[in-house]
Amino acid sequence: MAKKPFDPFAEKRRPGAPTTYTPELATEVCRRLILGRSLRDICNDADMPHRDTVFLWLATHPEFSDQYVRAREEQADTHADDAHHVTILVAAGKIDPNAGRVAVDGLKWSAAMQKPKKYGKVTTTRHSGEDGGAIPLRFESLSDAQLGQFIDRLADFAARADRAGGGEGGTGPPPEGEDQ
């Protein structure tokens, strides 16, 4: 009988692994995620359910799904901290620089995917005309009705921006006639 080749992603079914959903078990899965462990690694623990079971719970228990999303977001902070720790170990000569670079790149990528606003790349798009100047608006080709529609839409947009605080979290004054 031929020996099967090694599969690093193969998962063994463990007899006796929990399959019944409980809030306590779900919380423990999320706690271990926040500590930086992968779901694959967590599900290899004897007291944890199989990964397929966790995915089934995610699909059938909305409260667990919400908790899991928050845990993955919080895991980003752990990964960022781990990346910093690896750089310290590389600087101290305790880890090969190439291995450290691979580890840090993976941790940075994971953190950026889990919390893109905090750890992702910031991109800015600027629209400008020639030589970086303003984009000229040409209204000559618009009919009076089209120009009136444009002005009405612009006034509506300005009123909504005022009610929202001009994009600053609702700190602007309310439009005339509205209570505070």
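Q: Is Cys43 buried or exposed, and how do I tell?
A: In this predicted model, the call rests on relative accessible area, with under 20% counting as buried. Cys43 has a value of 3D accessibility worth checking against that cut-off: its relative accessible area is 2%, so Cys43 is buried. Cys30 is buried as well, because its relative accessible area is 3%.

Q: How many disulfides are there?
A: As a general idea, a disulfide is a covalent bond between the sulfur atoms of two cysteines. Here the count comes to zero.

Q: Which residues does Val54 touch?
A: Leaving aside residues up to four places away in sequence, Val54 touches Cys43, Leu39, Pro49 and Phe64.

Q: What should I look for in a nonpolar core?
A: In soluble globular proteins, nonpolar side chains tend to be buried together. The largest nonpolar core in this model has 16 residues, and those touching the most other members are Val29, Leu33, Leu39, Val54, Phe64 and Tyr68. At least two core residues come from each of helix 1 (23–34), helix 2 (39–42), helix 3 (51–60) and helix 4 (62–91).

Q: Which helix gives the most to this core?
A: Helix 1 does, with five residues.

Q: Where is confidence highest, and where is it lowest?
A: Across the chain, pLDDT averages 85, and 83% of the residues score at least 70. Confidence is highest in helix 1, at 97, and lowest in helix 7 (residues 144–163), at a mean of 88.

Q: Over which residues does pLDDT stay under 50?
A: Residues 167–171, for which the model has seven contacts beyond four places in sequence.

Terms used
Residues numbered from 1 in each chain as written. Predicted model: local features only at pLDDT ≥ 70, side-chain atom pairs only at ≥ 80, totals over all residues. Heavy atoms only, no water. Core = buried A, V, L, I, M, F, W, Y, C linked by side-chain atoms within 4.5 Å. Buried < 20%, exposed > 50% of the residue type's maximum accessible area, 1.4 Å probe, protein only. Helix = DSSP H or I, 4+ residues; strand = E, 2+ residues; numbered from the N terminus. Contact = heavy atoms within 4.5 Å. Disulfide = S-S within 2.5 Å. pLDDT = per-residue confidence, 0-100.
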